[in-house]
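Thank you all for coming; I would like to take you through one structure this morning, going from its pockets to a few individual residues. Please have the sequence and the model open as I speak.

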Amino acid sequence: MKIEEITAKQILQKFNHGNMWFGIDYNMNLYRGCNHGCIYCDSRSSVYGIEDFDRVRVKQDANLLLNQELTTKRRKGIVGIGAMSDSYNPFEKRLKVTQRSLESLRDLGFGVALATKSDLVVRDKEILREISQRSGGIIKLSIISSDDEISRKIEPHVAVSSKRFAAIKELSQAGVFAGVLLTPTLPFITDTEKEVKNIVRMAYESQAKFVYSMYGMTLREGQREYFYEKLAALNPSLVKKYQAVYGDNYVCETPYRQEYEALLNAECQRYGLLTKMSDIIYAYKEKGSGQQLSLF
Ligand code: SF4
């Protein structure tokens, strides 16, 4: 399998909303496009202008460029990975572009906040542990259903949910701060009491530190058409329901938002998992500072 290379001027982008999103200071994408096939993927929206989204391309000299950019940064910080493309795509196994980038972050004193749906992330657990201890690190396994059959249908080309829970366990046991990014929540599909309870319980059993949700999904031009086409093949009546409830809305919150949020909070509290963004950021950064968390 050959991968196309594309030229890139820059790898890191400044991110100014870290207090609202996992304490991130910079974002980076080493690849363009993603072939995991999630039917709800926001990154395929035409607003981002990624043509032929399902075809993965790698940025030429990505590791070299990243090293140059990191060494010229006056401020160290947390680098977010996985916003527009999953860095653990099938090419990464051979190319190791993500792995080398993590080594650079470790060696140059940067932290990491990485989101993925692939269990390939466990390959890099030692590097991630070192980053976590030195500068702060958090790994978010994106899991939106506890049911592997559902995950096979809506995320057809990536590890099923049970494998992602297993990845969390392996990372946690290696000393990496890992948990569940429960987003998106698909209205009328995954916004059920059973899903919330199962996911939080399975997160706990996997030694996750947190479960974070945003209680809905986005739908925009390009993304909406793709989602409806794939959803129609699974259940045409659901498409009609979405159209009736959300029309052209960008943010599509579950109609059960209040109940869902209350249940998630209660279940996380029951199992001792974090779920508030500020608590999650504090906990993983504190771990990176080498200090013990204290109640007093
Ligand atoms: S893994 Fe992430 S970037 Fe890739 S298709 Fe799924 S949601 Fe989109």
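Let me begin with Ser101, which lies in helix H3, residues 97-108; helices here are DSSP runs of H or I with at least four residues, strands are E runs of at least two, and both are numbered from the N terminus. Before I go further, this is a predicted model, in which local features need pLDDT of at least 70 and side-chain atom pairs count only at pLDDT 80 or more, whereas totals for chains, interfaces and linings use all residues. Residues are numbered from 1 along each chain as its sequence is written, and side-chain values use heavy atoms, with hydrogens and water left out.

Is Ser101 buried or exposed? Ser101 is buried, because its relative accessible area is 0%, where buried means under 20%, exposed over 50% and partly exposed in between, with a 1.4 Å probe and protein chains only. Leaving aside residues up to four places away in sequence, Ser101 touches Met28, Leu30, Asn63 and Leu66, a contact being heavy atoms within 4.5 Å.

Now to the pockets. Rolling a probe the size of a water molecule over the atoms shows where empty space is left. The search uses a 1 Å grid over the protein atoms alone: a cavity is a set of points where a 1.4 Å probe fits but cannot get out, while a pocket is an open set with protein on both sides within 12 Å along at least five of seven lines, and lining residues have an atom within 4 Å of a point. Grid points are joined across faces, edges and corners, and a volume is the space filled by probe spheres set on the points.

The largest pocket has a volume of about 1400 Å³. Of the 49 residues that line this pocket, the closest to its centre are Trp21, Asp42, Ser43, Ala83 and Thr183. Several strands each supply at least two residues of that lining, namely E6 (78-81), E7 (111-116), E8 (137-142), E11 (216-218) and E12 (251-253). By class, the lining holds 24 nonpolar, 17 polar and 8 charged residues; Ala, Val, Leu, Ile, Met, Phe, Trp, Tyr, Cys and Pro count as nonpolar, Asp, Glu, Lys and Arg as charged, and the others, Gly among them, as polar.

Where does the ligand sit? The ligand sits in the largest pocket, in the sense that more than half of its atoms lie within 2 Å of the pocket's grid points. Around the ligand we find Cys34, His36, Gly37, Cys38, Cys41, Asp86 and Lys117, each with a heavy atom within 4 Å of the ligand. That shell divides into 3 nonpolar, 2 polar and 2 charged residues.

The second largest pocket has a volume of about 180 Å³. Helix H5 (148-154) and helix H8 (223-234) each supply at least two of its lining residues, and H5 gives the most, with 4 residues. The lining, which includes Ile39, Glu149, Leu231 and Leu238, has 7 nonpolar, 1 polar and 2 charged residues.

A cis peptide bond, with omega about 5 degrees, joins Thr183 and Pro184. Thr183 counts as buried because its relative accessible area is 16%, and, not counting residues up to four places away in sequence, Thr183 touches Ser142, Ile143, Ile144, Tyr212 and Met214.

Asp61, with phi near 55 degrees, is in the loop between strand E5 (57-59) and helix H1 (62-72). Lys96 has a phi of about 60 degrees and is found in the loop between helix H2 (92-95) and H3; at 34% relative accessibility, Lys96 counts as partly exposed.

Ser278, in helix H11, residues 277-288, is by contrast partly exposed, with a relative accessible area of 41%.
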